[in-house]
Each structure stands twice: as C-alpha cells, then as structure tokens.
Amino acid sequence: MSPNTLLEKDYRADFTEFGDVIYLEAAGEAPLPLDSVRAAKAALEWKKSPHTLPASEYFDLPDRVRSGVARLIGGKPEEVAIAAGASNGFAAVAHGLHWKPGDEVLVARGEFPAQFATWLPLEQRSGICVKTVAPRDRFVAAEDFLAHLGPKTKLVSASLVRFDDASRLDAQRVAAACHAAGAYLLLDVSQCAGAMPTDIRALGADFAVCAGYKWLLSPYGTGFFWIRSELIEQMRPAPVYWAALEGARDFNSLSFDRLRITPGASRWDSPETANFTNLAAMDASLQYLLRVGVETIWQHITRLTVQIVERLPRDRCVLTSPAEVERRGPFVCLSARRAERTPELHKRLREEKIFVSLREGSLRVAPHLYNTERDIARLIAALSV
C-alpha cells in the first residue's frame, strides 16, 4: 500500500524532501512549495541584476496576488489590499472606521495578541470600550458574541478559526446579528484561508485579515486585507502609499497637480507593495493552491486530522479541540493527560523528529499535502509511549 493513499496524486514531490522528519506545523510556519522557491530565487536574480527586472512587475505582480487571493476567498480583486501580515488589516480598520466615545469592540478571551494590540490602544485614543467575551462552554461560540451585542457595539473582531484550539466560529450567524445591530464583523482567517474552503462574502464578513506564512504557503511578511467593496469609500481618509495614486504606474511622469487615490482597496497596500522577493513567491503559492484546489487540500487534511482524533491514546492524551469536523479548522490540538507534562511531551516528539507547535498549553498538530497516513501512525505511536 502506498503511504499516501488518501490522494489521487502524490503531492509530496511539490515540497522539499523532509527525510525522516515528520513536519506537522503548517499552522505555525508552512513550507514553501518548490514552485515558490524557484519564483523567489528568480526574484533575487532580478535584484542581483536590476536591469533584468521588468518595470511592469511593480504593478502586475501585486495585481496577480490580489486576483489570486480574491479567487481563493470568494472576493473581488479590487477588495484586496497587499499586506505584510494580519496586523496591517487590523490597523486599516482601526484607523478607517468612524469611532465615537463609548463604541464597543467585542473580542473573545484568549484571542491572538494582534487583536488586543490593535483595539486596546483605541480605548485611550478614541474612548472606545473593548469588551472581552468569555465562552460559556469550552470553546468560544457565536452565542457568546450574540449575548454581548448591544446598541453600542461597533465591531466584532474574531478569528474564523482559533489559533489555540482550532475551534471554528459560526461566522454567518455572528454576521447576521452584527448587521441587524448596525455593527461590523472582522474575521481573522489566518488559520484557515488556503486550507479550508472559504467564501468570505457568504460568511457575511465586512473585513478580513490574513497572514501569509501559514496556510497560504507564502513567505513570512506577506498577507492580505479584504474589505467589502461597499465599505471602501465609507472609511476615513488616511495616508496612502504613493503607488495607490492615480498615474503612479507611469514612472516617467510622477509629478501630480492633483492627488487622487485609485478606486479599490489598494489604498491600504503596505509599502513597498511590489516587494517582489516576497510577492513572487506568494504569487506562485497562490497559483499552486488554486491549481491543486482548496477542496482537495481540505479533504486530505480532514482525513488525517480525523485519524488523529479517532486514534488518540486517551489514556495518555486529551483532545483540546472540538471533536466534530464541522466545528474545527484544518488542525487539531491535544495535551498530555496531566497538563503540566505537555511541554515535556512536545520536547520528546521533537527528539523523535516529529514537529508540532506548543501553543497555550496544547500541542497543535497541523498536517498538509506532504503528510501521509504513515506520518500520523508515527505520531500516534510516539504519543502512546
């Protein structure tokens, strides 16, 4: 039997050869596909010999990335801004919304720190109120946000899939409640975009942020910010990177009598937008994900994570993610039955060349296309000792 019987095609050749290492950390730092490595090397050659760099790439490359992101999440290219990470998108929303004293932002307890690093400073600057939503059950759910929604709620800022336990939010329900209350919904999709089918408009989001170095299989320092097109012109004006100005594509004539910002989300692009040493690889990664198909990736990951849940040695380990597939994202979390021994278990797995992440007292196991049933069997064997 082939060690990779889950897929019609063996995609392991599209990635580096891991040898005897079992790499299960896609939720932390995913590897670049080999196509993306080649694209990055070609971009470095441009920098080594700048006369070979096509001038059109300063704009064509970011536009290709916008288009790839839009296809991946069900948006439009003009709704996508090029970002250096999720924090760029958080900042765009923080500075772009019209705040008044007393406006509330709802954030779930234990969220990724970028959430609090964005919203808490606004309490001092704008007099808003950041309300921390605690789960009534084990995992944060839509009901927890709905219980706190009120006339002063301006924004719900939440992860579609939580980084610490893989729980998935019923975003459609939260979005419907937000809009009924006159509030907005911002989703951090860093822990699912590219690995789980995502239709951002169908989810009802108003904004989405995403880091690129996880499930987008892109370099560190990449990402995107998505904004529903109807909201773009409603946001407060802010300084923009000069390449978002009308006429900026004409390098030969850059003196403007009147500065006008181009339509669309490019006004929130991170400088330097055409960071070709990063974006060339990101473009290649997005094309790879689209070529393989997110549904194919999701089905493969789901089969592997289901095996982990079903075969987990319950006498030694505890599942710290939802057991049901429909309630979690593309990874699972677990801990030692005695919680204080989880770091020790993490260390032992590393010694056996099995790489998982240690996050918030749990082991985060995040497989991808390059992982096989044999990898999961080796993980379970190591956990069973």
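Q: Where in the chain is the place of L254?

A: Helices (H or I, at least four residues) and strands (E, at least two) are DSSP runs, numbered from the N terminus. L254 sits in the loop between β8 (223–227) and α8 (276–292). This is a predicted model, in which local features need pLDDT of at least 70 and side-chain atom pairs count only at pLDDT 80 or more, while totals for chains, interfaces and linings use all residues. Residues are numbered from 1 along each chain as its sequence is written, and side-chain values use heavy atoms, with hydrogens and water left out.

Q: What is the relative accessible area of L254?

A: A residue is buried under 20% relative accessible area, exposed over 50%, and partly exposed in between (1.4 Å probe, protein chains only). L254 has a relative accessible area of 37%, so L254 is partly exposed.

Q: Which residues make a nonpolar surface patch with L254?

A: Patches take residues with over 30% relative accessible area and no salt bridge; like charges are joined within 9 Å, and nonpolar side chains (Val, Leu, Ile, Met, Phe, Trp, Tyr) within 5 Å. The areas come from the Shrake-Rupley method with a 1.4 Å probe, and for residues only the protein chains shown count as cover. Here Y58, W242, F251 and L254 make a nonpolar patch of about 350 Å².

Q: What is the peptide bond from P271 to E272 like?

A: The bond from P271 to E272 is cis, with omega near -25°. E272 belongs to the loop between β8 and α8. Its relative accessible area is 53%, so E272 is exposed. The C-alpha atoms of E272 and A84 are 9.6 Å apart in space, although the two residues are 188 residues apart in sequence.

Q: Which residues are linked in a network of salt bridges?

A: The network links E79, R201, D206, R228 and E230. Within it, D206 pairs with R228, the closest N and O atoms being 2.5 Å apart. D206 lies in the loop between α7 (200–203) and β7 (207–211) and R228 in the loop between β8 and α8, so the pair ties together parts 22 residues apart in sequence. D206 and R228 are both buried. R228 also meets E230 in a salt bridge of 3.7 Å, N to O. E230 has a relative accessible area of 43%, so E230 is partly exposed.

Q: What is the nearest side chain of opposite charge to R328, and how far away is it?

A: For charge, Lys and Arg count as positive and Asp and Glu as negative; His and the chain ends are not counted. R328 is buried and has no salt bridge; the nearest side chain of opposite charge is E324, 6.5 Å away. R328 is in the loop between β9 (317–319) and β10 (332–336).

Q: Which backbone oxygens lie by polar atoms of the R328 side chain?

A: The backbone oxygen of P322 is 3.1 Å from a polar atom of the R328 side chain, and that of A323 is 2.7 Å from one.

Q: Which residues does R328 touch?

A: Contact means heavy atoms within 4.5 Å. Leaving out residues up to four places away in sequence, R328 touches several residues, including A166, S167, M196 and W298.

Q: Where is S167, and what does its side chain join?

A: A polar contact is a pair of N or O atoms within 3.5 Å; within protein, one must be able to donate a hydrogen and the other to accept it, and residues adjacent in sequence count only if both atoms are side-chain atoms. S167 is in the loop between β5 and α6, and its side chain joins that of D165 in a polar contact of 2.7 Å. S167 is buried because its relative accessible area is 3%. Not counting residues up to four places away in sequence, S167 touches residues including F139, R327 and R328.

Technical notes:
Salt bridge = Lys/Arg side-chain N within 4 Å of Asp/Glu carboxyl O.
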